[in-house]
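This briefing concerns one protein structure. Please view the sequence and the model together before reading the points below.

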Amino acid sequence: MNGLVKFMHKIKPTFSEGGKLSFLHSTFEAFESFLYVPGTVTAKGTHVKDAVDLKRVMIIVVLALVPSLLFGIWNTGYQHNEAFGLGWGFWQMVWYGFLRILPLYLVSYIVGLGIEFISAQLRGHQVNEGYLVTGMLIPLIVPVDVPLWMLAIAVAFAVIIGKEIFGGTGMNIWNPALLCRAFLFFSYPSKMSGDTIWTGGLTRYLADGTAYACGNGVVDGFSGATPLVHAGQGIQGLESAGISFMDLFIGNIGGAVGETSVIAILLGAILLIWTGVASWKIMLSSVIGALAIGFLANALGTTPYLQLPAWYHLVLGGFAFGTVFMATDPVTSAQTETGKWIYGFLVGALTVTVRLFNPGYMEGMMLAILLMNTFAPLIDHYVVEASLKRKAKKVKIA
């Protein structure tokens with residue numbers, strides 16, 4: 001380690017002002033600060049002294065996502081194994097899932113970080129660590145079979161249009177990872193509708209729909225209905241598909257890579273709440289909002305879907321993942337304490353409302369969070385205004 005430190009100090013003048021490669025100063029600084037604590041210190045003035053900086057916050061979020069990633073790797077192999085009865089062992093399923101998911105991460109980080117570095121160089125700014133989380137999130141919220149070229153275009157759109165044009169990390173209006181998913185959904189709906197799930201396999205289909213074996217190579221796959229589609233027929237639909245509440249909670253079902261296991265997501269939530277990185281108020285209020293609409297539908301609805309037990313919505317689709325990792329994004333969510341309760345409640349309520357009354361799009365979490373990202377500043381504005389008015393009345397009374 002000391003040798004690496006000496007090497008970094010030795011080449012630093014080359015990338016500093018006046019050096020031959022000074023135009024790459026932002027890139028060098030990014031690698032240096034990634035490896036070590038920056039050497040800059042406060043020269044004057046009063047500053048809040050805290051060991052938690054942006055890099056540490058981002059690393060905590062990445063660590064919180066690891067359980068969902070690991071489960072997603074195993075589940076990808078597990079779904080393939082179950083679909084074709086291959087009799088694989090644990091490590092065979094993990095290896096298959098790893099090989100399927102690795103390209104998604106390579107595209108996500110190569111494209112996203114490439115744009116981040118270029119933007120920082122052009123502006124002469126430091127490279128922020130924000131994309132460490134965004135790059136980790138994107139592969140977890142897309143189907144494992146999404147074409148890599150589609151993913152690359154979507155990542156570029158999310159980083160450039162959703163982030164860089166607003167000024168970079170901390171200035172964006174919408175969550176970049178969700179913007180990536182929204183781009184895929186509206187541009188390539190057949191890949192992102194949420195109606196079907198993909199299972200890699202050994203089968204292809206002729207024009208008349210007849211299946212035939214492809215030999216020994218894994219060259220294609222097939223799609224089946226998601227749990228959300230089965231839930232459209234109520235609890236009976238899930239039961240007829242052999243999907244129990246415990247299956248949904250554990251996550252050994254098909255779906256986006258990292259969104260299926262509520263257990264893995266809760267492990268991440270515990271870390272985020274314990275470290276204070278994410279707001280438990282947003283998480284709790286989102287759950288309350290979803291249950292409120294769900295119970296209202298149970299009381300007034302007559303169709304099987306409206307009568308689906310309200311708590312099922314908490315484990316269906318991307319609700320749990322979105323509540324823990326997306327809705328709590330400190331940049332795009334509400335900032336005031338009261339605003340967090342309102343914001344979270346509306347995210348949960350809108351998610352279930354979209355699910356129940358928009359059959360064209362069974363999963364409502366993405367749209368709910370993006371919509372509330374848009375209105376989060378307005379919520380904070382009225383919360384602050386109401387607080388100022390209450391204080392003004394107290395002053396007059398006194």
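This is a predicted model: local features need pLDDT of at least 70, side-chain atom pairs count only at pLDDT 80 or more; totals for chains, interfaces and linings use all residues.

Thr260 is placed in the loop that runs between helix H11 (245-250) and helix H12 (262-275).

- Thr260 has a relative accessibility of 6%; because buried means under 20%, Thr260 counts as buried.
- A polar atom of the Thr260 side chain lies 3.0 Å from the backbone oxygen of Gly251.
- Gly251 is also listed among the contacts of Thr260 when neighbours within four places in sequence are left aside.

**Helix H6**
- Helix H6 covers residues 148-160, which is 13 residues.
- At 1.5 Å a residue H6 should span 18 Å, and this agrees with its end C-alpha atoms, which are 18 Å apart.
- The buried residues in H6 are Met150, Leu151, Ala154, Val155, Ala158 and Val159.
- Viewed down the helix axis, the buried residues of H6 fall within an arc of 155 degrees, so they line one face of the helix.

**The protein as a whole**
- The protein contains 16 helices and 4 strands.
- Of its 398 residues, 47% count as buried.
- The accessible surface of the protein is about 20,100 Å², and carbon and sulfur atoms account for 68% of that surface.
- Among contacts between residues at least 6 apart in sequence, 69% join residues at least 24 apart.

Definitions and conventions:
Residues are numbered from 1 along each chain as its sequence is written. Side-chain values use heavy atoms; hydrogens and water are left out. Helices (H or I, at least four residues) and strands (E, at least two) are DSSP runs, numbered from the N terminus. Buried means under 20% relative accessible area, exposed over 50%, partly exposed in between (1.4 Å probe, protein chains only). Contact means heavy atoms within 4.5 Å. Accessible areas come from the Shrake-Rupley method with a 1.4 Å probe; for residues, only the protein chains shown count as cover. The expected span of a helix is 1.5 Å times one less than its number of residues. The arc is that of the directions from the helix axis to the C-beta atoms. A polar contact is a pair of N or O atoms within 3.5 Å; within protein, one must be able to donate a hydrogen and the other to accept it, and residues adjacent in sequence count only if both atoms are side-chain atoms.
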